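This report looks at charged side-chain pairs and at open space in one structure. The sequence and the structure come first.

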Amino acid sequence: AALRAAGWNMVGITARPASLRAATARWLAQWGLALDAVHHTAVGTKAAVATRLGADASVEDNPAEAESLAAVCSSYLFDQPYNREAVTRAAVRIRSWDALVGRLCQLRLFA
């Protein structure tokens, strides 16, 4: 709600296959994630989709994808036990949803 109030459109870009579109929609609904759209793409191609969409920011749990996305928009790597050993140069590690929302709201306020 805070992101929408700050003017963000919310779009998902997932490496889940398109055959899992319905399952993905159910999972998003279960967690209360109301997205404007969900784009299914292959691993390693999220940055191309983000470019096509004109994305301003992204949040990702895959370090390689987060680094790739950082070339086209502000990129945040969501901290998870399985990605803690990864070192990123451009993507910013974020440790909580609250911290992410705060940063994204600041981006809109000071844009």
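In this predicted model, Glu60 and Lys46 form a salt bridge, and their closest N and O atoms are 2.8 Å apart. Are the two partners buried or exposed? Glu60 has a relative accessible area of 7%, so Glu60 is buried, the limit being under 20%. Lys46 is buried too, because its relative accessible area of 8% is also under 20%.

The whole structure holds four salt bridges. Side chains of opposite charge can pair when their charged atoms come close.

| Salt bridge | Closest N and O atoms |
|---|---|
| Glu60 and Lys46 | 2.8 Å |
| Asp79 and Arg84 | 2.8 Å |
| Arg93 and Asp79 | 2.8 Å |

Which residues are linked in a network of salt bridges? They are Asp79, Arg84 and Arg93. Asp79 pairs with Arg84, and Arg93 in turn pairs with Asp79. Arg93 lies in strand β5, which covers residues 92–94, while Asp79 sits in the loop between β4 (74–78) and β5, so this pair ties together parts that are 14 residues apart in sequence. Asp79 has 9% relative accessibility and therefore counts as buried. Arg93 is buried as well. Arg84, at 47% relative accessibility, counts as partly exposed, because that value falls between 20% and 50%.

The other topic is open space. Rolling a probe the size of a water molecule over the atoms shows where empty space is left. The largest pocket contains about 1400 Å³ of space. Its lining is made up of 41 residues, and those closest to the centre of the pocket are Val11, Gly12, Leu35, Val59 and Trp97. Several elements each give two or more residues to this lining: the helices α1 (2–5), α2 (21–30), α3 (46–53) and α5 (97–109), and the strands β1 (11–14) and β3 (57–60).

Which element gives the most to the lining of the largest pocket? Helix α5 does, with five residues. By residue type, the lining of the largest pocket has 26 nonpolar, eight polar and seven charged residues.

How values were computed:
Residues are numbered from 1 along each chain as its sequence is written. This is a predicted model: local features need pLDDT of at least 70, side-chain atom pairs count only at pLDDT 80 or more; totals for chains, interfaces and linings use all residues. Side-chain values use heavy atoms; hydrogens and water are left out. On a 1 Å grid over the protein atoms alone, a cavity is a set of points where a 1.4 Å probe fits but cannot get out, and a pocket is an open set with protein on both sides within 12 Å along at least five of seven lines; lining residues have an atom within 4 Å of a point. Grid points are joined across faces, edges and corners, and a volume is the space filled by probe spheres set on the points. Helices (H or I, at least four residues) and strands (E, at least two) are DSSP runs, numbered from the N terminus. Ala, Val, Leu, Ile, Met, Phe, Trp, Tyr, Cys and Pro count as nonpolar, Asp, Glu, Lys and Arg as charged, and the others, Gly among them, as polar. A salt bridge is a side-chain nitrogen of Lys or Arg within 4 Å of a carboxyl oxygen of Asp or Glu. Buried means under 20% relative accessible area, exposed over 50%, partly exposed in between (1.4 Å probe, protein chains only).
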